[in-house]
Amino acid sequence: MAVSTPIDQDRVLRKALFLDRDGVINIEKNYVWRVEDFEFLPGIFELCALARELGFLLIVITNQAGIARGYYTEADFQRLNEWMLGEFRVRGIEIGYVYHCPYHPTAGIGEYRRESFDRKPNPGMILKARRDFGLDLSRSVLVGDKDSDIEAGRAAAVGYIIRLDPCGTRADTGGDPVHTVLPDLVEVRHWLQDGYAGHHS
Ligand SMILES: [Mg+2]
């Protein structure tokens, strides 16, 4: 029997792989803003390359309260961001867009001190991406390392939510079908290849 063309829906509404930045793309070190402090997590390029092959748009969603707190500026953030995008690009990986939220409701300075629907656990950045790129969130995947990532994904009804937790096990989710706990990005790649793609093709 002929192999069927995979998922025509891909051409109608796109699916995204949403990635938190600190703790998912790079090692969490608290308020990273300099290139010399930015260390990619092992497996991130391989995961992103596979996701692109499978037709996912890559979207980064990152709270950047360090801007609110005055630890670094928007310009510092953008400088690091451009460098990061370049590191993906030289490996042939296109990041669709990076959404960031520079506000903090209590610790922000001046105009940066405010509530924001974009600040995770709120779903604002995910919903903006849905509108900007015409995404089907029910077929999309989110990878985060904190409760606020998971909650944002749930609030936006993202179909597949993965928490990276080096000490975690799948049992941590209490059998929740939407939410998977995996110890590292290699496991996330395997899940995307075998679990997600297996289920959707
Ligand atoms: Mg994080």
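Ala-16 has Leu-57 as its bridge partner in β2. That pairing belongs to a predicted model, in which local features need pLDDT of at least 70, side-chain atom pairs count only at pLDDT 80 or more, and totals for chains, interfaces and linings use all residues. Residues are numbered from 1 along each chain as its sequence is written, and side-chain values use heavy atoms, with hydrogens and water left out.

## The sheet

β1 and β2 (residues 56-63) run parallel and are joined by five bridges. Helices (H or I, at least four residues) and strands (E, at least two) are DSSP runs, numbered from the N terminus. Two strands count as paired if DSSP finds at least two bridges between them.

Where does β2 go next? Five bridges also join β2 to β3, and these two run parallel. Val-60 has Val-98 as its bridge partner in β3.

Six strands make up the open sheet. Their order is β3-β2-β1-β4-β5-β6, with parallel pairing. β3 and β6 (179-182) stand at the edges. Each has a single partner strand, so one side of each is left without a neighbour in the sheet. On average, neighbouring strands are turned by 20° against each other, direction ignored. Axes here are lines fitted to C-alpha atoms, for helices over the stretch in contact, and angles run from 0 to 180 degrees between N-to-C directions.

Four of the five residues of β3 are buried, so β3 is largely enclosed by the rest of the structure. Buried means under 20% relative accessible area, exposed means over 50%, and partly exposed lies in between (1.4 Å probe, protein chains only).

## Helices on the sheet

Contact means heavy atoms within 4.5 Å. Helix α4 has these buried residues: Gly-124, Met-125, Ile-126, Ala-129 and Phe-133. They pack against β1, β2, β3, β4 and α5. Just after α4, Gly-134 takes a positive phi of about 60°.

Asp-20 counts as buried, at 7% relative accessibility.

## Salt bridges

Asp-20, Lys-120 and Asp-149 are linked in a network of salt bridges. A salt bridge is a side-chain nitrogen of Lys or Arg within 4 Å of a carboxyl oxygen of Asp or Glu. How many are there in the whole structure? A search finds 13. The table shows some of them.

| Pair | N to O distance |
|---|---|
| Lys-29 and Glu-39 | 2.9 Å |
| Glu-87 and Arg-91 | 3.2 Å |
| Lys-120 and Asp-149 | 2.8 Å |

The Lys-120 and Asp-149 pair links distant parts of the chain. Lys-120 sits in the loop between β3 (97-101) and α4 (124-133), and Asp-149 sits in helix α5 (residues 147-155), 29 residues apart. Are these two residues buried or exposed? Both Lys-120 and Asp-149 are buried.

Lys-29 is partly exposed, with a relative accessible area of 34%. Glu-39 is partly exposed too, at 40%.

Glu-87 and Arg-91 meet through their side chains. Glu-87 is partly exposed at 22% relative accessibility. Arg-91 is partly exposed at 43%.

## Cysteines

How many disulfides does the structure hold? It holds zero. A disulfide is a pair of cysteine sulfur atoms within 2.5 Å. Cys-48 is buried, with a relative accessible area of 0%. Cys-101 is buried as well, at 1%.
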